[in-house]
Amino acid sequence: LMVGTDWPTALADIVKAFKTGETAFLLLDILTVLPEECDNNKFAARRSVRERAADVFARDTENVLKILTTYMKSAGSNSALQRMVFKCFLSWVRYGEITPEALVNDPLFQYTFQAVRQEELFEISVEVLSELVLHTEEMKKYSAAVRVLVPHILSLSGKYDQALAEDDSESCKALTRLFSETGERYMPMVLEGRDEAVKLVTMLLKCTSHPDKDVASIPFNFWYNLSREVTHQRNQKVRPMFEKPFLMLIPRLKGIMEYPPKVKQFNDAKEIGDYKRYRYLAADVLVDTVGVIGIGTVLKNLRIAIEKEWTEYQRDRSRWHGVEACLYCFRSVARRVSPDENEVLPEIMKFLPQVSDNSALRYTGTLIVGRFNDWINRHPQFIAP
């Protein structure tokens, strides 16, 4: 309140009072909170006072970044101090008035990418990078910053591979969020289809393959947005460029829809409850995929998949989960199938009676019959006794 009224030199005075080593953490705490409070609507202050305080802090931003850089250089192996510096940096990026160009040329930017590779600083540094992506969403306005930021983010693919190999789902989750955020915010770059766009889309395909469905489902919003863009009339020229990635997405979505082996039967509500949400979301993305590559291509790929899964099921009757997931995929795209389709669906309808010996497969097969009622009205012979 005083900063916005009677104390225009507040920041400089606070820094002067607490800059010594013994009070570094206290100063960093204060510097972290100040820009946040300017944006805190719960704080009882007039808008004009809040805006004047923000202007005061904006004028001191450069000095704050210099202070943070000084602390970072002197931190050595003190990860607690480094974490506090990044937390303060994040606050000023999020709530302060720092231009993206200034950010990518600041030493703290380079420190952030170095910190991603340190276990103690990984989480906060990824959060900073995500905020930088959000801060530069207007790509045309901040093209110089984006050109610097994207290669650095893509260089973290090796970190993801390492986390995947070490079964570190939390690190994979954080990096997947960062890659997804980059794809969503920099969609114009993705649509250009250059090398960096190809690398990012490939990385997100890998993320969608993660065995942890919590991780694999994170890029769903990216795939939704990309499908909407490439099927828009203005982007028809780039559509063929993305047909292969969406084709590769099909088995990944099927995998997410598949119940894990520990689910023995469908009446185990406790076991299947947590997985239903993922298959509903994956089904929506599969429908989006139809819009990009066409229902005929999707059906043919699902047919190939179910033939493979059926062979596995014939060898081991306990492995019904893949067949059931394929059936659920067919059910998911039913509304996109023409009643006149005569290449894949006749085969599937002939196949359904073969699954009657398994309750889970019989249940999902029954759902298919109900969902394809328009098609069956044109082909009643497939439900004849």
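This is a predicted model: local features need pLDDT of at least 70, side-chain atom pairs count only at pLDDT 80 or more; totals for chains, interfaces and linings use all residues.
Q: What makes up the secondary structure of the chain?
A: The chain has 22 helices and 0 strands.

Q: What share of the 385 residues in the chain is buried?
A: Buried residues make up 48%. Buried here means under 20% relative accessible area.

Q: Of the contacts between residues at least 6 apart in sequence, what share joins residues at least 24 apart?
A: The share is 70%. A contact needs heavy atoms within 4.5 Å.

Q: Why is Asp167 called exposed?
A: Exposed means over 50% relative accessible area. Asp167 stands at 63%, so Asp167 counts as exposed.

Q: Where is Asp167, and what is its phi?
A: Asp167 lies in the loop between helix H10 (157–165) and helix H11 (169–185). Its phi is near 60 degrees, a positive value in a residue other than glycine. Most residues other than glycine have a negative phi.

Q: How do you know that Arg331 has no salt bridge?
A: A salt bridge needs a side-chain nitrogen of Lys or Arg within 4 Å of a carboxyl oxygen of Asp or Glu. For Arg331, the nearest side chain of opposite charge is Glu324, 8.4 Å away. Therefore Arg331 has no salt bridge, by that cut-off. Arg331 is also buried.

Q: Where is Arg331, and which residues does Arg331 touch?
A: Arg331 sits in helix H19 (residues 321–332). Not counting residues up to four places away in sequence, Arg331 touches Leu367, Ile368 and Arg371.

Conventions
Residues are numbered from 1 along each chain as its sequence is written. Side-chain values use heavy atoms; hydrogens and water are left out. Helices (H or I, at least four residues) and strands (E, at least two) are DSSP runs, numbered from the N terminus. Buried means under 20% relative accessible area, exposed over 50%, partly exposed in between (1.4 Å probe, protein chains only). Lys and Arg count as positive and Asp and Glu as negative; His and the chain ends are not counted.
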